[in-house]
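Hello,

Here is the structure I promised to pass on. Have a look at it first, and my notes follow below.

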Amino acid sequence: MTYAEAVEALYRLKEDKSFIEREIKKLTRVVLDSQEAQASVLLLSNQGGERTDQGVTYEVKRSYEWDQDQIEAALLLLKDEDSLPFLTSTSFWKINMSKYKDWATLNPINAQIFSSALATKLGKPTVKKIDLDKFNSKEES
């Protein structure tokens, strides 16, 4: 394959990819807007996570944000930040969620001081995976 042929082939494939990505977005929206999907997504709307219904897995991602000022206030109340294994001091406080959860389980009273600094953000619903065999078998019955 010559350079010119490779450039033309790459251009065509990129155009095809762009078209396919647009179609995937459209069909994902059609699926998510359907009454069947809305029932599953509604169960995820408060907590996030994923749920599989008839072979289609829906997902709502969640992320955590920590209010830096409230972390500082919590640290002033505890006065012993060196003993907190989930904190890393940089230009801002970075929280290791798995270590925080372990520490909070062992120190529930102190964990309440930090709880006001934590906000959970939920993303938009997505179709994570489709098991077409399960989907078709449910449709036939």
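Gln54 sits in the loop between S1 and S2. Helices (H or I, at least four residues) and strands (E, at least two) are DSSP runs, numbered from the N terminus.

A word on the source before going on. This is a predicted model, in which local features need pLDDT of at least 70 and side-chain atom pairs count only at pLDDT 80 or more, while totals for chains, interfaces and linings use all residues. Residues are numbered from 1 along each chain as its sequence is written, and side-chain values use heavy atoms, with hydrogens and water left out.

**The hairpin and its sheet**

Back to Gln54, then. Its phi is near 55 degrees, a positive value in a residue other than glycine. Most residues other than glycine have a negative phi. The turn that holds Gln54 belongs to a hairpin formed by S1 and S2, with two residues between the strands. S1 and S2 run antiparallel and are joined by five bridges; two strands pair if DSSP finds at least two bridges between them. Asp53 has Val56 in S2 as its bridge partner, and Thr52 has Thr57 in S2.

**Helix H2 and what it packs on**

Which residues of H2 (35–44) are buried? They are Ala37, Ser40, Val41 and Leu44. Seen down the axis of H2, these buried residues fall within an arc of 95 degrees, so they line one face of the helix; the arc is that of the directions from the helix axis to the C-beta atoms. The face turned away from the buried side of H2 carries the exposed residues Gln35 and Leu42. The buried residues of H2 pack against helix H1 (3–33), strand S1 (49–53), strand S2 (56–66) and strand S5 (118–130), contact here meaning heavy atoms within 4.5 Å.

The axes of H1 and H2 come within 5 Å and cross at roughly 75 degrees. Axes are lines fitted to C-alpha atoms, for helices over the stretch in contact, and angles run from 0 to 180 degrees between N-to-C directions. That makes H1 roughly perpendicular to H2; angles under 35 degrees count as roughly parallel, over 145 as roughly antiparallel, 65 to 115 as roughly perpendicular and the rest as oblique. On the H1 side the contact is made by Val31, Leu32 and Asp33, and on the H2 side by Gln35, Ala37, Gln38 and Val41.

In H3, the residues Ile71, Ala74 and Leu75 are buried. Viewed down the axis of H3, they fall within an arc of 100 degrees, so they line one face of the helix. Asp69, Leu76 and Leu77 are exposed on the face of H3 turned away from its buried side.

The axes of H3 and H5 come within 8 Å and cross at roughly 150 degrees. H3 and H5 are therefore roughly antiparallel to each other. Their contact involves Ile71, Ala74, Leu75, Leu77 and Leu78 of H3, together with Asn110, Ile113 and Phe114 of H5.

**The nonpolar cores**

A nonpolar core is a set of buried Ala, Val, Leu, Ile, Met, Phe, Trp, Tyr and Cys residues joined through side-chain atoms within 4.5 Å. The largest one has 16 residues, of which Trp66, Ile71, Phe86, Ile95, Tyr100, Trp103 and Phe114 touch the most other members. Helix H3 (68–78), strand S4 (93–95), helix H4 (97–106) and helix H5 (108–115) each give two or more residues to this core, and H4 provides the largest share, four residues. Leaving aside its neighbours within four places in sequence, Phe86 is in contact with Lys94, Ile95, Asn96, Lys99, Tyr100, Trp103 and Phe114. A second, separate core of seven residues includes Leu44, Val56, Tyr58 and Val60.

**Towards the ends**

Thr2 lies in the segment before H1 and is partly exposed, with a relative accessible area of 43%. Thr2 and Phe135 are 133 residues apart in sequence and 45 Å apart in space, C-alpha to C-alpha.

Best wishes

Key: Buried < 20%, exposed > 50% of the residue type's maximum accessible area, 1.4 Å probe, protein only.
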